Amino acid sequence: MNCIFCNIVEHKAHSEILYESENVLSFLDINPVNFGHTLVITKKHYGDFISVPKNELAHVIKAVQTIAGVIKTKLNCDGFNIVINNGIAAGQTVKHFHFHIIPRFHNDDFRFKLNLKKYSDNLMKEYADKIRAELKFEGTF
Ligand code: 5GP
Ligand code: ZN
């Protein structure tokens, strides 16, 4: 398997690394939405969000919180988006789990194109029922 993020973890490919620990690596995205757009990844290869073990996810999300705080302060951005794209339909292009931290500025002209739907009649409850039935068996977090 040839994975660009695994190559970055192994220092076989160059990147601007911001942070590295036993489980987590963070580096600048090569094609930023705004300058300072950052990726935070598990060092181990997992294909997507669902397949990351929860203990590893805890390491990554803690790093994301800290790094986002530093980005907010040091780049003086007005806000930031934290994004995970999962699957091709959702825009995932690199199949190695990663968070995006995207610094945002007033009038930066970047928008997620929203085409919002309306639930009709009982449809909202039907969707909720489908999801919560499964969650009952998942226990507490
Ligand atoms: P995805 O679309 O999978 O959510 O995000 C993958 C991200 O990885 C993209 O934003 C893309 O610009 C970034 N990326 C892809 N290849 C490289 C690379 O070789 N180096 C760096 N630093 N970023 C990359
Ligand atoms: Zn990988």
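Author: Helices (H or I, at least four residues) and strands (E, at least two) are DSSP runs, numbered from the N terminus. This is a predicted model, in which local features need pLDDT of at least 70 and side-chain atom pairs count only at pLDDT 80 or more, while totals for chains, interfaces and linings use all residues. Residues are numbered from 1 along each chain as its sequence is written, ligands are numbered from 1 in the order in which they are written, and side-chain values use heavy atoms, with hydrogens and water left out.

Reader: By how much of the helix are Arg132 and Asp129 separated?

Author: The side chains of Arg132 and Asp129 meet in a salt bridge at 3.0 Å, N to O, the term meaning a side-chain nitrogen of Lys or Arg within 4 Å of a carboxyl oxygen of Asp or Glu. Asp129 also forms a salt bridge with Lys125, and there the closest N and O atoms are 2.8 Å apart. Because Arg132 and Asp129 are three residues apart in helix α3, their separation is about one helical turn.

Reader: Which arrangement do the four donor atoms around the zinc ion (ligand 2) make?

Author: Donors are N, O and S atoms within 2.8 Å of the metal (3.2 Å for Na, K and Ca), and water is not among the atoms, so sites may look incomplete. The protein donors here are Cys3 (SG), Cys6 (SG), His45 (ND1) and His96 (ND1), at 2.1 to 2.3 Å from the zinc ion (ligand 2). Four donors count as tetrahedral if all angles lie between 85 and 135 degrees. Since the four donor atoms subtend angles of 105 to 117 degrees, the arrangement is tetrahedral.

Reader: Is His96 buried or exposed?

Author: Buried means under 20% relative accessible area, exposed over 50%, and partly exposed in between (1.4 Å probe, protein chains only). His45 has 29% relative accessibility and therefore counts as partly exposed. With a relative accessible area of 0%, His96 is buried.

Reader: Where in the chain is Glu20, the partner of Lys43?

Author: Lys43 forms a salt bridge with Glu20, their closest N and O atoms being 2.8 Å apart. Lys43 is partly exposed, with a relative accessible area of 21%, and Glu20 is partly exposed too, at 38%. The pair links distant parts of the chain, 23 residues apart, with Lys43 in the loop between β3 and α2 and Glu20 in strand β1.

Note on methods. Tetrahedral: all angles 85-135°; square planar, octahedral: opposite > 155°, others 65-115°.
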